[in-house]
Amino acid sequence: MKKKFRVAALVLAVLFVISMTTACGQNGDAGAAGDEVVVGVLAPLTGPVAQFGTAVQAGIELYVEQFNAQGGLQIRLEYFDEEGQAAQGVAGYFDLVDRGVHAIIGAVTSGVTMAVVPLAYEDNMPMITASSTHENVTVDAETGQVFTNMFRSCFIDPFQGEKMAEFAHEVVGAQRVAVLYNNEVDYSIGLTRAFEAKAAELGLEVVAVETFQTGQVNFQGQLTNIAAQSPDALFIPAYYQDVALIGPQSEAVGLDAVLLGADGWATILDFMSDSSSIEGAFFLTGFSSDVDTPMVQEFIADFTYKNGFAPNMFAAQAFDAAMILVTAIERALADGIEPGDAGFSDAVIANMAATDITGVTGHIVFDQFNNPQKTAVILQIADGRETFFGYF
């Protein structure tokens with residue numbers, strides 16, 4: 001990364017880091033003990049997307065606690081609450097580096113992660129995100145350079161957008177589709193572009209595309225315009241808090257279309273006292289508790305026992321992200337490379353690239369862009385709950 005970008009990032013960090021005394025656990029030299037590796041967690045634990053961050057935190061902690069209980073190598077977690085803000089994420093990255101972390105899990109949202117990745121790439125810091133889906137999380141948008149240190153356990157936006165266009169066409173049987181998206185959020189923009197491109201390829205007619213902004217609560221104007229075009233399906237690539245408002249308002253304007261979404265819908269039912277307006281909707285995700293395999297069911301039981309509630313997709317993907325990273329660390333140590341060695345980061349990164357494991361979200365290997373190759377899960381809102389519709 002060019003120096004001017006790092007200087008700009010440092011300026012952003014300075015503006016925020018002065019007041020940041022809430023990061024957990026101040027520590028000394030993390031590499032002092034050879035049997036301990038320190039992993040930073042960069043996540044929004046407060047703020048508007050804390051629902052995602054706390055789920056990711058819970059998934060990571062379950063895996064690490066179970067791993068540490070085996071004895072031998074111990075993983076110590078260091079947290080920084082980036083509040084879902086890019087500048088906070090940059091400040092958090094520098095703070096975690098100062099605390100001596102050897103690798104980082106995070107960030108959670110794409111915008112924050114993309115602000116941090118160039119810095120981590122320059123430092124050769126091993127990173128994995130459980131939930132940042134934008135395609136440029138692992139690839140520089142301007143140069144096409146792969147950020148070789150950056151991995152993820154979640155799907156990418158183009159994959160999700162394309163899959164839901166195919167689902168609309170092949171399963172819903174739609175011929176006319178519409179889109180309502182947030183034009184201020186990279187996640188929403190990326191899914192929309194992929195959906196539109198695949199829809200055109202499939203011969204689907206996109207009859208309306210409407211936008212909204214972050215924090216908006218009234219969607220009736222956009223929904224009225226969409227309803228006037230009589231689409232068979234409406235794709236809403238947005239986060240749960242927006243969909244919780246859009247659903248009832250779509251019903252109020254008389255929209256008669258199948259609602260479709262992506263993984264930002266996860267936990268939607270936690271924010272709706274009455275989900276009847278989204279009954280029958282479908283959304284793509286990376287995990288379903290209805291998958292009846294011993295590994296998944298044991299994970300659900302352990303997670304629920306520890307936290308008092310069942311895991312969602314973000315917790316499951318975080319569990320797998322921690323598994324991928326810790327497995328890579330174990331392999332580096334098995335080769336005789338210690339955390340303080342110059343080649344430790346390279347070894348961890350190489351072992352992450354060579355991942356071939358089965359996690360609770362499926363079997364995971366990485367492509368040349370460090371994106372996981374795995375099957376998508378489709379959930380449907382049926383009888384007021386998220387039900388497993390099938391793999392797609």
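Ala107 lies in the loop that runs between strand 3 (103-106) and helix 4 (110-123), where helices (H or I, at least four residues) and strands (E, at least two) are DSSP runs numbered from the N terminus. A cis peptide bond joins Gly106 to Ala107, with omega at about -10°. Glu83 is a residue other than glycine with a positive phi, near 60°.

The model is predicted, and local features need pLDDT of at least 70, side-chain atom pairs count only at pLDDT 80 or more, and totals for chains, interfaces and linings use all residues. Residues are numbered from 1 along each chain as its sequence is written, and side-chain values use heavy atoms, with hydrogens and water left out.

The chain divides into domain 1 (34-155 + 295-373) and domain 2 (158-285), with bounds that come from an automatic or database domain assignment. Their centres, taken over C-alpha atoms, are 29 Å apart. Contact (heavy atoms within 4.5 Å) involves 14 residues from domain 1 and 16 residues from domain 2. Between the two domains about 1,300 Å² is buried, and carbon and sulfur atoms give 67% of this area; buried area is the accessible area (1.4 Å probe) that two parts lose on being put together, summed over both. Of the area that domain 1 buries against domain 2, 40% is supplied by Gln51, Phe155 and Met313, more than any other three residues.

Residues of helix 2 including Ala58, Leu62 and Glu65 meet residues of helix 9, among them Phe299, Phe303 and Lys306.

Lys306 and Glu65 also join their side chains in a salt bridge, at 2.9 Å from N to O. This pair links distant parts of the chain, with Lys306 in helix 9 and Glu65 in helix 2, 241 residues apart. A salt bridge here is a side-chain nitrogen of Lys or Arg within 4 Å of a carboxyl oxygen of Asp or Glu. The whole structure has 9 salt bridges, while the count between domain 1 and domain 2 is 0.
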